[in-house]
Amino acid sequence: MSAPGENFRIDGARLWDSLMQMAEIGPGVAGGNNRQTLTDADAEGRALFAKWCAESGLSMGVDAMGSMFARREGSDPEALPVYVGSHLDTQPTGGRYDGVLGVLAGLEVIRTLDDLEVTTRRPIVVVNWTNEEGTRFAPAMMASGVFAGQHDLDWAYAREDAQGKRFGDELERIGWKGEEEVGARRMHALFELHIEQGPILEAEGKEIGVVTHGQGLWWLEIRLTGKESHTGSTPMHMRVNAGLGMARITDAVHRIAMSHQPDAVGAVGQADIWPNSRNVIPGRAVFTVDIRSPDAAKLAAMRAEVEAEAERIADELGLGLEIEPTGHFEPVTFDADCVGLVRAAAERLGHAHRDIVSGAGHDACWIAGIAPTAMVMCPCKDGLSHNEAEEITPDWAAKGADVLLHAVVEAAEVVR
């Protein structure tokens, strides 16, 4: 078939209106969103998405992890579908676009095809993956991980939040535990549109990121045990300071990442100390190291060096040490044919673009292991994400969705 013409475009105003309506659910305190997974706000956002899907005549499937699959039929019901989507859950202080753009742009693809009375040979399925963020229930990208066979369903159900509530119980409580077997679906391809969550596209004046690779990641939870004692009366040489150990390991993570440049990053993001009192030396510290690289050898080397440094520091300070990996995926190379469809769409539409590596993990990273997969990125202002000040422009959203439309339609094969 011939490629879609340049005038084949989504309704940018309608997409933006959908984004703003979804943003009214689970509002944050500073203009963003707090729609964490399996909360009442998550349930409300899912219900709105389901309503919109029903209005477009889509059939809805829900699997046992709560992931939602809204299907538009093709002329060949036996053909493997083209999937498109992302996630609706947010960080506690999240923005309005991270994940949400990918889901609602997928719905906008369907609405546009309906407007133009276009039929594709392959069905198209818009997906909302459960618990991509992994903030309330670790790890991130959990439902797509179960779907791709990376995690066990019962293990996922047993994951607990900070209040000890189990994932499986909360999924049932909000009414979105489906009966469909997780991972039973087969895909022709999957496309995910996402904001960059970094500064490269905006800084270079590019409108589209053609994602060729995804960084690999290790999350290491480190637990240090010292001795709580008075900050004023405990001599310096007699202290067993878990907070000091955490500070030294934090610095070591930075140094290790810098020693593996380019294409390596690392930081401590989540940290707690006990008893967290101004005049008590911390007796316990628990924190998460996040290291990433698109180079598998670098990623492995950084993990080994972080663990070795943590052991050395703990031994030097007399601290107890436990290290537990809580999240991991290998670097991802996205499917060359799917990436080619994205790149060709950006060129056909005249959008300034560049190849880019995804610095963040996405559901597409797990699905790439079981089906041909690609990602499209649009810029975000100042590269800011996982922040209520996260912002994009309606023009960036529309251009990203247009590229998505073209790539999905080519993969799904127009018949009329």
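Trainee: What makes the link between the side chain of D98 and the side chain of H386 a polar contact?

Mentor: In this predicted model, the side chains of D98 and H386 come to 3.2 Å, and because a polar contact asks for a pair of N or O atoms within 3.5 Å, one able to donate a hydrogen and the other to accept it, the pair qualifies.

Trainee: Why is D98 called buried?

Mentor: D98 has a relative accessibility of 4%, and since buried means under 20% relative accessible area, D98 therefore counts as buried.

Trainee: Why is H386 called partly exposed?

Mentor: The relative accessible area of H386 is 40%, which falls between the limit of 20% for buried and that of 50% for exposed, so H386 is described as partly exposed.

Trainee: How do you know that the residues of the "binding site" feature cluster in space?

Mentor: The unreviewed UniProt entry places that feature at D98, E133 and H386; although these residues are spread over 289 residues of sequence, the largest C-alpha distance is 9.6 Å.

Trainee: Which residues does each of D98 and H386 touch, leaving aside neighbours within four places in sequence?

Mentor: D98 is in contact with several residues, including H87, D89, E133, H194 and H386, and H386 for its part touches Q91, T93, D98, E133 and Q197.

Definitions and conventions:
Residues numbered from 1 in each chain as written. Predicted model: local features only at pLDDT ≥ 70, side-chain atom pairs only at ≥ 80, totals over all residues. Heavy atoms only, no water. UniProt positions renumbered as here; feature names shortened; annotations may be inferred. Buried < 20%, exposed > 50% of the residue type's maximum accessible area, 1.4 Å probe, protein only. Contact = heavy atoms within 4.5 Å.
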